[in-house]
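Student: I want to learn how to read helix packing. Where do we start?

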Amino acid sequence: MAELRGEAKTALELHREGLAAARDTGDPRAIALAFEGLAGAWALAGHPLRATRLLGVASAARASVDAPLPAAERGDVDRIAAALRAALGEAGFAAEFELGAALNPDDADLLDT
């Protein structure tokens, strides 16, 4: 909700807490969800490259356990991706997404600094 209210700092703080909690569960789907939330917060904060790479990390985490994001739950990710495509263009978005998808989710914290 903080992201939707335009509160980037609060959104980043809350999604970082969410990522820590998700990592405690060890569930790749929960971790992916946390990365997707962080992507939205970073997009709002004006960091489209970082945000796009985080979407790539999330997508790869989901793929690693054959658990794609269900269509009914795609609203936020689609909204974030559309904003990032507008900022980077389709080719730029695709390139950054692939860079993120190649990262190990355990190393993706480097994107959140």
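**Reading two helix pairs**

Tutor: Helix 2 (residues 28–44) packs with helix 4 (residues 75–101) at about 40°, their axes 10 Å apart. The model is predicted, so local features need pLDDT of at least 70 and side-chain atom pairs pLDDT 80 or more, while totals for chains, interfaces and linings use all residues. Residues are numbered from 1 along each chain as its sequence is written, and side-chain values use heavy atoms, without hydrogens and water.

Student: Which orientation does helix 2 have to helix 4?

Tutor: That angle makes helix 2 oblique to helix 4. Under 35 degrees is roughly parallel, over 145 roughly antiparallel, 65 to 115 roughly perpendicular, and the rest oblique.

Student: Which residues make the contact?

Tutor: Contact means heavy atoms within 4.5 Å. Helix 2 gives Glu36, Ala39, Gly40 and Ala43; helix 4 gives Val77, Ile80 and Leu84. Five of these contact residues are nonpolar, one is polar and one is charged.

Student: What describes two packed helices in general?

Tutor: The angle between their axes and the distance between the axes. Now take helix 2 with helix 3 (residues 48–64): about 165°, axes 8 Å apart.

Student: Which residues of helix 2 and helix 3 touch?

Tutor: On helix 2 they include Leu33, Phe35, Glu36, Ala39 and Trp42. On helix 3, Arg50, Leu54, Leu55 and Val57 are among them. By class, this contact has 14 nonpolar, one polar and four charged residues.

Definitions and conventions:
Axes are lines fitted to C-alpha atoms, for helices over the stretch in contact, and angles run from 0 to 180 degrees between N-to-C directions. Helices (H or I, at least four residues) and strands (E, at least two) are DSSP runs, numbered from the N terminus. Ala, Val, Leu, Ile, Met, Phe, Trp, Tyr, Cys and Pro count as nonpolar, Asp, Glu, Lys and Arg as charged, and the others, Gly among them, as polar.
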